[in-house]
Amino acid sequence: LDECEGIGGNIMKVFLTSHLLNYKKVNDKYIPTKINNDNGIVDQLKDNLEGNGGIVFFASSKSDYSKTDSYAHVLFESLKLSGILFDNYYIIDDRFKDSIKDVVDKSDMVFIAGGDTLEEIKFFNEINLRNILKDYDGVIMGQSAGSINLAYDVYNSPECIEDLEKESKWQGLCKTRISIEPHFIYSDENFSEDEKLQRKEVLKESYNRVSYGILDGSHITDIDGEVM
């Protein structure tokens, strides 16, 4: 974690989410809706955004364009429906050829998408995102895998037995010391075998770190180290 030490001298405004509950599915299409504000996330975003110059959407896959465009469209439209509008909207995957740092520096919000957590961090390491975000002082929001990868010290729990052979711990983007387990469900009564395996491994890792189970529709904020 040496690279993380001392990163960023600005106030950090980090939102860790599992699922924003911001769409409905109709005939296999995702229709954007307002972001669920039951826990006040929309109000908190508005309170912490200092402008509306731009939002940067970082894809979890550098080359899955249709999936990325679909997810980004839903997010952008949901923010608009929730009263949060920007002058510029950027999507970062391997189609983006301009300076990533330039668009981040002039934008007011960065969104780190959900997806394959390991594939995502490999892409972020390729584009040196940790360093790009080093002194960023706007709002950063992660969703699911994106929230996991915002941590200093990442633990990515296995979703099936094959995942036990994959890398599960690495250095994240160094924007929060909070480790989360997204899409958390309290009761394991109706769990599949894969879900039981994942819960077992999460509990085993809990002896090594504090990890927060986040239910869909809930979130954690880390505003300069003040966690809510």
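A cavity, on a 1 Å grid over the protein atoms alone, is a set of points where a 1.4 Å probe fits but cannot get out, and its lining residues have an atom within 4 Å of a point. Before you start: this is a predicted model, where local features need pLDDT of at least 70, side-chain atom pairs count only at pLDDT 80 or more, and totals for chains, interfaces and linings use all residues. Residues are numbered from 1 along each chain as its sequence is written, and side-chain values use heavy atoms, with hydrogens and water left out.

**Exercise 1. Find what lines the second largest cavity, and sort the lining by class.**

Step 1: go to the residues. The lining consists of Phe57, Ala59, Ser60, Ser61, Asp64, Lys67, Thr68, Tyr71, Ala113 and Gly114.

Step 2: sort them. Ala, Val, Leu, Ile, Met, Phe, Trp, Tyr, Cys and Pro count as nonpolar, Asp, Glu, Lys and Arg as charged, and the others, Gly among them, as polar. That gives 4 nonpolar, 4 polar and 2 charged residues.

Step 3: look for the main contributor. Helices (H or I, at least four residues) and strands (E, at least two) are DSSP runs, numbered from the N terminus. Helix H2 (residues 65-81) gives the most to this lining, with 3 residues.

Step 4: check the volume, meaning the space filled by probe spheres set on the grid points, which are joined across faces, edges and corners. Here it's about 50 Å³.

**Exercise 2. Work out which elements each supply at least two residues to the lining of the largest cavity.**

Step 1: get the overview. The structure holds 3 cavities of 30 Å³ or more, and the largest has about 70 Å³ of space.

Step 2: pick out the elements. They are helix H6 (145-149), strand S8 (153-155) and strand S10 (179-181). Among the lining residues are Ser147, Asp153, Tyr155, Glu181 and Arg209.

**Exercise 3. Is Glu205 buried or exposed, and what does its side chain reach?**

Step 1: H7 has 13 residues and reaches 19 Å from first C-alpha to last, close to the 18 Å expected at 1.5 Å a residue (1.5 Å times one less than the number of residues).

Step 2: apply the cut-offs: buried is under 20% relative accessible area, exposed over 50%, partly exposed in between (1.4 Å probe, protein chains only). Glu205 has 6%, so it's buried. Leu197, Arg199, Glu201 and Val202 are also among the buried residues of H7.

Step 3: follow the side chain. Glu205 makes a polar contact of 2.8 Å with the side chain of Arg209. (A polar contact is a pair of N or O atoms within 3.5 Å; within protein, one must be able to donate a hydrogen and the other to accept it, and residues adjacent in sequence count only if both atoms are side-chain atoms.)

Step 4: look further along the chain. Leaving aside neighbours within four places in sequence, Glu205 is in contact (heavy atoms within 4.5 Å) with Tyr155 and Lys169.

**Exercise 4. Which side chain makes a polar contact with Ser144?**

Step 1: find Ser144 in the loop between strand S7 (139-143) and H6. Its relative accessibility is 13%, so Ser144 counts as buried.

Step 2: follow the side chain to His183, at 2.7 Å.

Methods
On a 1 Å grid over the protein atoms alone, a cavity is a set of points where a 1.4 Å probe fits but cannot get out, and a pocket is an open set with protein on both sides within 12 Å along at least five of seven lines; lining residues have an atom within 4 Å of a point.
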